[in-house]
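User: I'm new to this one and would like a walk through it. Could you take me around?

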Amino acid sequence: MFVSIVLSALIAQPVFAQEADKVKNQEAYIDGLIERMTLEEKAGQLTTYGDEIRLLNPDINPDVNRRKGEDLIKEVRAGRVGSLFNGRGVKGGRLAQSAALQSRLKIPLLFGADVIHGYRTVFPVPLAEAASFEPQLAERTARVTAIEATAAGLHWNFAPMVDIARDQRWGRVVEGSGEDVYLGKLFAAARVRGYQGENLANEDSMLATPKHFAAYGAVSGGMDYNTVDISPQTLREVHLPPFKAAFDAGALSTMSSFNEINGVPASANRELLTDILRGEWGFKGFVVSDYTADMELIAHGYAANEREATKLAFLAGVDMSMQSGFYIKHLPALVKAGEVPMAALDDSVRRVLRLKAALGLFDNPYRSLDSEREAADIGKPEHRALARDAARRSIVLLRNVNDVLPLNKTSKIALIGPFAEDRHHLHGPWTLFADAKEAITVAAGIRAALADASQLEIVQGSNVEKPIKGGIDAAVEAANRADVVVLAIGEIHEMSGEAQSRTDIVVPAAQQVLAEAIAATGKPMIVLLRNGRALALQGAVRDADAILVTWFLGSEMGNGIADVLFGDYNPSGHLPVSFPLESGQQPYYYNHKSTGRPFIRGEAPEFKARYREAPNEALYSFGHGLSYSKFKYDPVKLSSKRMAWDGSITVSTRITNTSSRAGEEVAQLYVRDRVASSTRPVRELKGFKKIRLDPGQSEQVSFTLTRADLQFVGADLQWIAEPGAFDVWIAPSSVQGTRESFELERAK
Ligand code: NOJ
């Protein structure tokens, strides 16, 4: 069997003699194919199209669809397509695959898709899940995602999205793990492990595609698709590490991004796609362009026409073209004209065929196309149970004045707001395959938890962006009748995701007016924020008695929220993105530089780095998150005040649960390099531990630091550490904690 063999070839590990033979056979088989392939067939393997054979919505324009499907089948039979994406279903998959097996060389199709946070069982959006600070949770939800998606006939996932997002205006913040590099690396690797499982050849494993390579999160002004202009140091220090972590975890494909970087579009950027990716990192997998990103080289003003765009993308290192059809159209002629070397074409084809083999497709072209598995493995009860656990673990308690939460199950509750009964914005912006009808609304979750469902009164109060006539009066009346108001407000899913950047990251005005009216009743007010990014909270929303960040939590959103509201689950999430004071602070991130005139609270603010309207601080900084328990941190202790150049030190503290409730806390390790040849951030996360403590229980939490944790990208673009003074904290957020310091000694 090819699989383990090909994998060994791909990751170039030593193999036993017998396996070495298999690798040779495998390689010989692929070489044999390549020798027999026509130029067109080669370009076909490097072409992927949206799956019009098994459409997501076949009932819209059925005649047109049928024709498109038939045309595509002809292309597949002619060997002019190597892969299809974003279709689903075993029946259509078998049909498409049988067409590929009728092609001259019978090379099976690869079925790709965006299964970003669940197939039919929808887990929290990736940003939400990052708030759990539990990469192992992301690994489990990714595993289930792969189990369901492969049961529906898919092999290749266009995930995880690992772009670091430091500007909350950018809509795609929702798809990644937030603003921090360390957290982003751990979640990137965990998701790759989850999708790919133990062995790519297993029928329930999916090839992972960390995307978008690279620096897409750095788009200027947070506007999607916009220009990226950043230093090579920031590129390497902030944006590339999560990709490297994903590749180290075994990911064998990646997607080139839409943006340009310093004048060169990423999808024609040889330095990125070849020099760094293959040269420095030894990546053995293949690169697919983002959707028509090769075509877009023309609009970028980087290529004059289709032919040139094809040549530039291909020669830069994009192995496979998504959707434009440029490769099948232009690569054969470019090779014939001697403008693209045949050897380069063969290398790209070989990369794709090796992955098809690694997935076991040559052995079993109908892998993951089994209707029994399709019926059995999708939407299982245990998947829903995991979705509920993931939902509640992703919720962040920002504020809880006078311990107004958790609520009593016998309270009289007024559930108010456009998201109270909504079922269209539970999943989030990136679910192609799930059915909104199957998700649990906030109202349903709360109702199921209450001792007596008649304790719950529901009033919409306002639309998302427009008032409802009489809505506020009805909401105020309900509030007056209740013991407590739960206000479900925030963003619809169309406000985040691709092409959904915002200039003003606030709760829409109509809902803000509703919140002000409810607050004026004087009833305790709990805000449930629905959001795909950090928001700038204002007025009554900001000042509510309690605020829960509930993002888009997926299939079990309502139940997850109810678990937290009533204390059946004690919240343990922490922010993966900083909530700013004002929208105009963007891009705001906790690990910013000091500036020459840092604003220091308590000191005169004039001529300091701040805005007229607000200091350069967050309302809730990265890492913040409360619990119903209370935790006390002892001052941080060091095993030594000096770290030898090749040595290590231990940083520790004792954390005590001083409350009467068991709970979980995320202890975060931050470091600051005080003086360096390149200025360093005011703090950087270097480790964290999520611990569970019973009432009164204490635990010693320790981290080991070595020189590797103190490195940065120097002027020559190499990772270096410099001797000198470092500050260190173990803290419940990026702006708290007691500080210690130590010295990194010179090399002896
Ligand atoms: C465009 C998006 O940028 C990318 O993330 C996605 O994978 C492709 N479309 C395919 O749907």
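User: Of the contacts in the chain with a separation of 6 or more, what share comes from residues 24 or more positions apart?
Analyst: This is a predicted model, and in it residues 24 or more positions apart account for 78% of those contacts with a separation of 6 or more.

User: OK, and how many helices and strands are there in the chain?
Analyst: The chain has 22 helices and 29 strands. Its radius of gyration is 27 Å, close to the 27 Å that the globule rule gives for 748 residues, so the chain is as compact as a globular protein of that length. Along the principal axes, the C-alpha trace spans about 75 × 70 × 50 Å, and 60% of the 748 residues count as buried.

User: Which residues touch the most other members in the largest nonpolar core?
Analyst: That core holds 186 residues, and those touching the most other members are Leu272, Ile416, Ile446, Leu529, Trp551, Leu565 and Phe579. Helix H15, residues 342-358, gives the largest share of this core, with seven residues. There is also a second, separate core of 23 residues, which includes Ala667, Val728, Ile730 and Phe742.

User: Back to Leu529, what does it touch?
Analyst: Leaving aside residues up to four places away in sequence, Leu529 touches a set that includes Ile489, Val507, Val541, Trp551 and Phe579.

User: Switching to helix pairs, at what angle do H19 and H20 pack?
Analyst: Helix H19 (residues 471-481) and helix H20 (residues 509-519) pack at about 35°, with their axes 9 Å apart, and their crossing is right-handed. H19 brings Ile472, Ala475, Val476 and Ala479 to the contact, while H20 brings Val513, Leu514, Ala517 and Ile518. By class, this contact has eight nonpolar residues, with no polar and no charged ones.

User: And what covers the buried residues of H20?
Analyst: The buried residues of H20 are Ala510, Gln511, Gln512, Leu514, Ala515, Ala517 and Ile518. Their cover includes H19, strands S12 (413-416), S14 (484-490) and S15 (525-530), and helix H21 (539-542).

User: Last one: is helix H10 largely enclosed or largely open, and why?
Analyst: Helix H10, residues 241-248, is largely enclosed by the rest of the structure, because six of its eight residues are buried. Those buried in H10 are Pro241, Pro242, Phe243, Ala245, Ala246 and Phe247, and they pack against helices H8 (181-196), H9 (232-239) and H11 (270-280), as well as strands S5 (211-213), S6 (253-256) and S27 (719-720). Just after H10, Gly250 takes a positive phi of about 115°.

Note on methods:
Residues numbered from 1 in each chain as written. Predicted model: local features only at pLDDT ≥ 70, side-chain atom pairs only at ≥ 80, totals over all residues. Heavy atoms only, no water. Core = buried A, V, L, I, M, F, W, Y, C linked by side-chain atoms within 4.5 Å. Buried < 20%, exposed > 50% of the residue type's maximum accessible area, 1.4 Å probe, protein only. Helix = DSSP H or I, 4+ residues; strand = E, 2+ residues; numbered from the N terminus. Contact = heavy atoms within 4.5 Å. Axes fitted to C-alpha atoms, helices over the stretch in contact; angles between N-to-C directions. Left-handed = near helix turned anticlockwise from the far one by under 90°. Nonpolar A, V, L, I, M, F, W, Y, C, P; charged D, E, K, R; others polar. Rg over C-alpha atoms; globule rule 2.2 N^0.38 Å.
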